[in-house]
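Here is a short briefing on one protein chain. Look over the sequence and the structure first, then read the points below.

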Amino acid sequence: MPFDRPSLSDLISRVKADIESRLAGADASQRRTLLGILAVVEAGAVHGLYGYLDWIAAQGMPDTADAEQLERWASIWGKQRKSAASATGLVTFTGSDGSVIPTGTVVSRSDGLEFSTTEDGTIAAGSAAVAVTAVEAGADANTAAGVKLKLVSALSGVQSTAVAGELSGGADVEGDGDLRSRLLARIRQAPHGGADFDYVAWALEVSGVTRAWVYPLELGAGTVTVRVMTDGTTEDGIPAAETVDAVQTYLDAARPVTAEVFVVAPVAVPMDPAISISPNTEAVQAAIEAELGDMLLRAAEPGATIRVSHLREAISIATGEADHVLLSPAADVAHAVGEVATLGTITWSDL
């Protein structure tokens, strides 16, 4: 039977009753009497102790522990919180031929986020594509191709405005929920030296990786294919080449010596639903889009079939939705090996 923590009012009543039972003729029920005040003070202190005991009990189990104790639990099981990762990519500079962009040149985005070049570049034929990395690690630094960046300090012969290629791979410090999930998976499934779930656990150790799947023997005897996603940090969750390489390097160090491992990115197949809704408002559209995205996050995996009934369910539970008709897709959507469903453009109409 679970312990029922008494409320503050219950404790006050208990202390008052205890005082009156031990002092003949005492009346602790009056608010401004000394005995009444002592009862409230003692009950408040005891209530705080009960709260501390509640907190201690929560820290004693990894599924309820707070951040600091969760990290300690994780370290006991050989897991560490994944650190933030920096976005990387190419930035194109323009200017006079022969002008040099030295290593360490800093460019900034309009919101102040800065990127530093990691190699020397020399302008030829009017431009030069130079590798950069974000000065501060985190998902905020991920930048779409075509975004304009400004030189923080002028360079001779180089235009002050540069153009970013896709800068990706940035990831925030792992949250408590993700760390807890990895820890519980480790507790529930002890490593087997190369079982399928071992590869999933290893892939999830890499910063930015949010989902992973393993496909034994897909490319022949002795092979293991691993596909990963970086939801929330890259477009459609498809990992950047740098992340794929990082997972490959990690798995090459962790895998059994007899396994040949191939880490690849899934192929995104955008799903473009057409939906008639009532009421057809921006708020309802946003709620439906969020529910569809959440459903795909749970159900979409390489080669999986997306059930049209699941799409309808996701639309129905959206906040504010009164009625709808899913015009397309009209049937389940199957995907080939390596293909994963992503949410594309939704077409809205009045019901």
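Helices (H or I, at least four residues) and strands (E, at least two) are DSSP runs, numbered from the N terminus. This is a predicted model, in which local features need pLDDT of at least 70 and side-chain atom pairs count only at pLDDT 80 or more, while totals for chains, interfaces and linings use all residues. Residues are numbered from 1 along each chain as its sequence is written, and side-chain values use heavy atoms, with hydrogens and water left out.

**Annotated domains**

- UniProt, in an unreviewed entry, lists residues 91–170 as "domain: Baseplate protein J-like barrel". UniProt positions are given in the numbering used here, feature names are shortened, and annotations may be inferred rather than shown by experiment.
- Across residues 91–170 the chain is 0% helix and 39% strand, and the C-alpha atoms at the ends are 16 Å apart.
- The UniProt annotation "domain: Baseplate J-like C-terminal", also from an unreviewed entry, covers residues 274–349.
- Residues 274–349 are 36% helix and 25% strand, with the end C-alpha atoms 8 Å apart.

**Helices H5 and H6**

- The axes of helix H5 (residues 196–203) and helix H6 (residues 241–254) come within 9 Å and cross at roughly 130°. Axes are lines fitted to C-alpha atoms, for helices over the stretch in contact, and angles run from 0 to 180 degrees between N-to-C directions.
- H5 and H6 are therefore oblique to each other. Angles under 35 degrees count as roughly parallel, over 145 as roughly antiparallel, 65 to 115 as roughly perpendicular and the rest as oblique.
- On the H5 side, Tyr199, Trp202 and Ala203 make the contact, and on the H6 side Val247, Tyr250, Leu251 and Ala254 do. Contact means heavy atoms within 4.5 Å.

**Ser168**

- Ser168 sits in the loop between strand S8 (161–164) and helix H4 (176–188).
- Ser168 counts as buried because its relative accessibility is 5%. Buried means under 20% relative accessible area, exposed over 50%, and partly exposed in between (1.4 Å probe, protein chains only).
- Leaving aside neighbours within four places in sequence, Ser168 is in contact with Ser86, Ala87, Thr88, Asn142, Thr234, Ala240 and Glu242.

**Leu297**

- Leu297 belongs to helix H7 (residues 282–299).
- With 39% relative accessibility, Leu297 counts as partly exposed.
- Apart from neighbours within four places in sequence, Leu297 is in contact with Arg211 and Asp231.
- Leu297 and His192 are 105 residues apart in sequence, and their C-alpha atoms are 28 Å apart in space.
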